[in-house]
Amino acid sequence: MRVTFGQRLKRLREEKEVSQKEIGQLLNVTARMVSFYEHDMSYPNDAEAIILLAQYFDVSIDYLFGISNIENYQKLSEINKEYSQLSKKNQEQVTEYIELLLEKQRKEQNKQARK
């Protein structure tokens, strides 16, 4: 299930511990309008507001809109650069470890879903 813009905005706002009023001031809208955004009843109507939100929360626009789960492409780029510096054998070990973590996560999610 894809995360909606409103869900993502609310989570980011709460993580940063800022109020709807503060986000409203950033975007020059009311706190009520921010609440509408968080409940997916409305969306910012200009690119500038969307860019401001992405910059404020230090995330990509794709992440903000639930298109991607990668918050920060710069960090991913840094990881990719470091990965490319590893030997082929070490790259394979990293890949195996990622697969192990993903399998563990899937098992935990399945266990939670059965409850």
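Visitor: What makes Glu 71 partly exposed?
Guide: In this predicted model, Glu 71 has a relative accessible area of 35%. Buried means under 20%, exposed means over 50%, and partly exposed lies in between, with a 1.4 Å probe and protein chains only. Glu 71 is therefore called partly exposed.

Visitor: Where is Glu 71, and which residues is Glu 71 in contact with?
Guide: Glu 71 sits in the loop between helix H5 (61-64) and helix H6 (73-84). Leaving aside neighbours within four places in sequence, Glu 71 is in contact with Arg 11, Asp 58, Val 59, Ser 60 and Tyr 63. Contact means heavy atoms within 4.5 Å.

Visitor: Asp 58 is on that list. Why is Asp 58 called exposed?
Guide: The relative accessible area of Asp 58 is 52%, and exposed means over 50%. Asp 58 therefore counts as exposed. Asp 58 lies in the loop between helix H4 (47-57) and H5, and has a positive phi of about 55 degrees although it is not a glycine.

Visitor: Which category does Asn 28 fall into, buried or exposed?
Guide: Asn 28 counts as exposed, because its relative accessibility is 71%. Its place is the loop between H2 and H3. Asn 28 is not a glycine, yet has a positive phi, of about 60 degrees.

Visitor: What makes Gly 24 buried?
Guide: Gly 24 has a relative accessible area of 0%, and buried means under 20%. Gly 24 is therefore buried. Gly 24 belongs to helix H2, and touches Val 29, Thr 30 and Val 34, not counting residues up to four places away in sequence.

Visitor: How are two packed helices described?
Guide: Two packed helices are described by the angle between their axes and the distance between the axes. Helix H2 (residues 20-27) and helix H3 (residues 31-38) pack at an angle of about 100 degrees, with their axes 8 Å apart. Axes are lines fitted to C-alpha atoms, for helices over the stretch in contact, and angles run from 0 to 180 degrees between N-to-C directions.

Visitor: Why are H2 and H3 called roughly perpendicular?
Guide: Angles under 35 degrees count as roughly parallel, over 145 as roughly antiparallel, 65 to 115 as roughly perpendicular and the rest as oblique. The angle of H2 with H3 is about 100 degrees, so these helices are roughly perpendicular to each other.

Visitor: Which residues of H2 and H3 meet?
Guide: On the H2 side they are Gln 20, Lys 21, Ile 23, Gly 24 and Leu 27, and on the H3 side Ala 31, Val 34, Ser 35, Tyr 37 and Glu 38.

Visitor: How many helices and strands are there in the chain?
Guide: The chain has 7 helices and 0 strands. Helices (H or I, at least four residues) and strands (E, at least two) are DSSP runs, numbered from the N terminus.

Visitor: Why is the chain called more spread out than a compact globule?
Guide: The globule rule is 2.2 Å times the number of residues to the power 0.38, and the radius of gyration is taken over C-alpha atoms. For 115 residues the rule gives 13 Å, while the chain has 18 Å, well over that value, so it is more spread out than a compact globule. The C-alpha atoms fill a box of roughly 55 × 40 × 20 Å, taken along the principal axes.

Visitor: How do you know which parts of the model count?
Guide: Local features need pLDDT of at least 70 and side-chain atom pairs count only at pLDDT 80 or more, while totals for chains, interfaces and linings use all residues. Residues are numbered from 1 along each chain as its sequence is written, and side-chain values use heavy atoms, with hydrogens and water left out.
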